[in-house]
2 protein chains.
Amino acid sequence: MENTSSTVRLGIIGMGNMGSAHAKNIQEGKVPGLELAAVADRDAERLDKYEGVEQFSEGIDLIQSGKVDAVLIATPHYDHTILGIAALEAGLHTLVEKPISVHKADCERLIAAHTNKDLVFCAMFNQRTDPSYQKLRQLIQGGELGAIQRVNWIITDWYRTENYYRSGGWRATWGGEGGGVLLNQCPHNLDLLQWLFGMPSKITANCQFGRFHGIEVEDAVTALLEYPSGATGVFITTTGEAPGTNRLEVAADHGKVVIENGSFKYTRTEQLVPEHLESCPKGFEKPAVWNVEIPISGGNGEQHVGIMKNFANAILKGEELLAPAAEGIHSVELANAMLYSGFEKTPVEMPLDGASYEKLLKEKIATSTYVKPEVVKADVADLEGTY
Amino acid sequence: MENTSSTVRLGIIGMGNMGSAHAKNIQEGKVPGLELAAVADRDAERLDKYEGVEQFSEGIDLIQSGKVDAVLIATPHYDHTILGIAALEAGLHTLVEKPISVHKADCERLIAAHTNKDLVFCAMFNQRTDPSYQKLRQLIQGGELGAIQRVNWIITDWYRTENYYRSGGWRATWGGEGGGVLLNQCPHNLDLLQWLFGMPSKITANCQFGRFHGIEVEDAVTALLEYPSGATGVFITTTGEAPGTNRLEVAADHGKVVIENGSFKYTRTEQLVPEHLESCPKGFEKPAVWNVEIPISGGNGEQHVGIMKNFANAILKGEELLAPAAEGIHSVELANAMLYSGFEKTPVEMPLDGASYEKLLKEKIATSTYVKPEVVKADVADLEGTY
């Protein structure tokens, strides 16, 4: 499908941290093909600075205004589903922030609304633009690494202070956000995990709720993953640790890859491990290796701008999407399964039963006795990093 | 207790890989105070090279010979208990290879036999001599790191080929060895884990039996640990991965320590994390850090020789033991709990019920249908590394 016009009139719904950062990128001309045509937020103060741009209090009014060809939904999580469905039904191209929905059943509802395949439906998985993860995916998909045997991702550098959680009443509540670090910070990492290695068949997780912060949702998680192939994985995250770690280690039949601190290290076995293991006459000898350092250029990639460019080009030129929204169900399912395992203190077989999880989540919301401390109205953060 | 003689007459029982390596160190004069007075092995060929040293086919005969003041027990695992009890009851100082026994109940039996406290009773936890782990312990015990919040040990460089497992009929069987990587290779790491961080209150493990090798016991394990303080841990090991990893990461209230490849990196937060978390007015800001590289001299330490020197000095001069055998129960309990969790696919509350585990293990032995492939008689390995 090709658009005949040369620019896409974009409306952004939700002008908090993320929505305003996206608007800034567009207004600075970083995304050819996208024009900021409208913004919506229930907090009128947040709209003040968008002079000359159509303004709405309600996202649904923006969607139905006829003033935009496409929307970017950057509201609190639950509204991603509601507004995403409304936008698709209104015939708008839709870019939805992560997570695409709070739980698997909502993901299915949202994805089902994408009946008109002429509409581009994309998710903000900006970390897919990171050249390190792209390189790893290339090595895996090209067969270079051989079968994956073990994955270990320590992603504990999502540090957030107590004041972060006090900056919005919706934050870190079951009713407002539907989860903590797994739903807010980790969708990127969980998306990359499934993008790189596929989905596990079983998840056992320890979730700690309000361990480091005065919140009711999870802020520390350790999950043990089992894959259909027999491969194993560990995923560890928290918002309570400093300096924290972001280290992805992958053991495969052709050796080991470690991505950390911008470096990509591949320790390549000359012989495939299973072959050496079977044939080596000695008991303690290891296969010979090469220490390979793969230069990664382009820093962390284009990130949000890259996804928005791709979104625009998909609309205008039919370019293939790097992050189709339909794939966003996987990271949500992973997060849900970890929470389910953590709540019920039992391993969870995949695929997760979405209806059971939705029921459990609704119980958490209904029975919540959590009272948020006074909300501190924070300035919209200047997000230099990638979130 | 002080010995009036200037040398200790030592008998070594079990002249396989480890026993012969210990004998070599002693005969080369690396352990002042220890004299190799006797050796025992059921395989007569293994005794040939010890001319001028008393030789026995049975360990029990060595123990009762009156020719030695002390024994070093380096037999297959199950005999550690039987021979250890016999040696202590015969009034001999006793140094037992790891694991001190195969299961917790046997550990209790062995430790109970140490009634005469004039006898030095030590375990071969040679990795306690490693300056990196000693430094970490010092930082923890001295309070420098503050409370420990998270531990991650990836110890997957215990690579062993198929021929390693074929080199002895007892190897990697429930009846002969009582376990795989957890009982043979990991006692060191499990001992350090408890020496550094204490015992967890709960363990959930995925154990894979014969995943990489044609064996009936575990050769790949991922364990999730929960500590009484709320701290979490992950312990990952296998003998089927190359090049493998040995990386210990510790997150604490004063930052992070990583020990890997001989380096000791401490990223120290200037402010204690919990204080910063509570007081920082910004949402996304992290505490300032120092990047501290702590030089570690002395390589991996004196390892086996260090433990033997300490054993001799404890006998001759009353020196304090670095690795009292009684502490060996903890690493066995950790290994047992991981296996129990892996077998039963359920979390295990600590302390482990030793009687239940012994019963389970005996069932595994009784119901084993495993037939070992032909045993390849391997040369005794030249153990350059530390095992």
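The largest cavity of this predicted model holds about 270 Å³ of space. A cavity is a set of points on a 1 Å grid over the protein atoms alone where a 1.4 Å probe fits but cannot get out; lining residues have an atom within 4 Å of a point. Points are joined across faces, edges and corners, and the volume is the space filled by probe spheres set on them. The lining counts 23 residues, with A:Thr204, A:Thr346, A:Pro347, B:Thr204 and B:Pro347 nearest the centre. S8(A) gives the largest share, five residues. Strands (E, at least two residues) and helices (H or I, at least four) are DSSP runs numbered from the N terminus.

The second largest cavity has about 80 Å³ of space. Among its 15 lining residues, A:Arg211, A:Ala220, A:Thr238, B:Arg150 and B:Thr232 lie closest to the centre.

Now the sheet. In chain A, six strands form an open, parallel sheet in the order S3-S2-S1-S4-S5-S6. Strands pair if DSSP finds at least two bridges between them. S3 (54-56) and S6 (121-123) of chain A stand at the edges with a single partner strand each, so one side of each lacks a neighbour in the sheet. Six bridges join S1 (residues 8-13) to S2 (residues 34-40) of chain A. A:Ile12 has A:Val39 as its bridge partner in S2(A).

Residues are numbered from 1 along each chain as its sequence is written, and chains are lettered from A and ligands numbered from 1 in the order written. Local features need pLDDT of at least 70, side-chain atom pairs count only at pLDDT 80 or more, totals for chains, interfaces and linings use all residues, and side-chain values use heavy atoms, without hydrogens and water.

Methods. 1 Å grid on protein atoms, 1.4 Å probe; cavity = no way out; pocket = protein on both sides within 12 Å on 5 of 7 lines; lining within 4 Å.
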